[in-house]
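Have the model open beside you as you read.

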Amino acid sequence: MEPELGSPARGGLPATVARRTATGWTLTGRKRFATGVEGLDWLLVWATTDEPIPRVGTFAVPGASPGIEITHRWDHLGLRASGSHDIALHEVEIPAGNVVDIAAHGPGAEQDNRAAAALHLPLAALYLGVARAAQRYFHRFAHDRIPANLGHPVARTERFRRAAGEIALRLDSAEQLVFGGAERVDAADRTYAPELALGARILADRHAVEAVGLAIRLLGNPGLSRDNPLERHFRDIQCAPVHAPQEDVALLAVGSRALEGTG
């Protein structure tokens, strides 16, 4: 992403410029949310060429190249360990052969949300892992918490058992969607349409966010204390729905496919 651009998933085109040189290209521009940039061997940079008829392409940039500057350190609500810093590229030089793909400037060069849909299954699995960690803590709390006026663990109460069931239902169903889809992708199942992967991620994200939120509500204030692991899981899970394509864009693709099948 770029500060001026917004999300490529919504049709934006990059302001980062690739200029031809005698030996290759130079890249100049700014990028946001460059996850793990300090440890990356390669950066795939999306840029517009300065040619008379501009093209848009992805350029492979060695991570240690001179001219790459971290301009803003990651200071985020969740996923704080991901190191997704903002960077600037100052005439970073690369060889002519470091072009991954390039196309004419226009709709054909915009991000194809369908083509990369299967890549969102591992992303959904990551957030399911966050939700499962929250679930484990919720179970441990329920077994260990013995209020003086109750005389036994809150895990025995109907309220906590019902909540545990709601959480399990959400996460088990989401896991089946995501892992089942991944198995079909691995098996090269041609009937597994991209829209199914987008839909699996939408539902998995919804269920994960709802499950962790339910656990927080049961614990109350202790769950929001910074020394409580559940507080971190709650922050991290808020990042699930913001990954591109966001839910409204993914739903547009899913709905368009559904209507095509009934027209």
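**Labels and cut-offs**

Q: Why is Arg132 called buried?
A: Arg132 has 15% relative accessibility, so Arg132 counts as buried, a label that means under 20% relative accessible area, with exposed over 50% and partly exposed in between (1.4 Å probe, protein chains only). This is a predicted model, where local features need pLDDT of at least 70, side-chain atom pairs count only at pLDDT 80 or more, and totals for chains, interfaces and linings use all residues. Residues are numbered from 1 along each chain as its sequence is written, and side-chain values use heavy atoms, leaving out hydrogens and water.

Q: What makes Arg132 and Glu175 a salt bridge?
A: The N to O distance is 3.1 Å, and a salt bridge is a side-chain nitrogen of Lys or Arg within 4 Å of a carboxyl oxygen of Asp or Glu, so the pair qualifies. Arg132 lies in helix α1 and Glu175 in helix α2, so parts 43 residues apart in sequence are tied together. Here a helix is a DSSP run (H or I, at least four residues), numbered from the N terminus.

Q: Why is Glu175 called partly exposed?
A: Glu175 has 24% relative accessibility, so Glu175 falls in the partly exposed class.

Q: Why is Asp172 called partly exposed?
A: Asp172 has a relative accessibility of 36%, so Asp172 counts as partly exposed.

Terms used
Helices (H or I, at least four residues) and strands (E, at least two) are DSSP runs, numbered from the N terminus.
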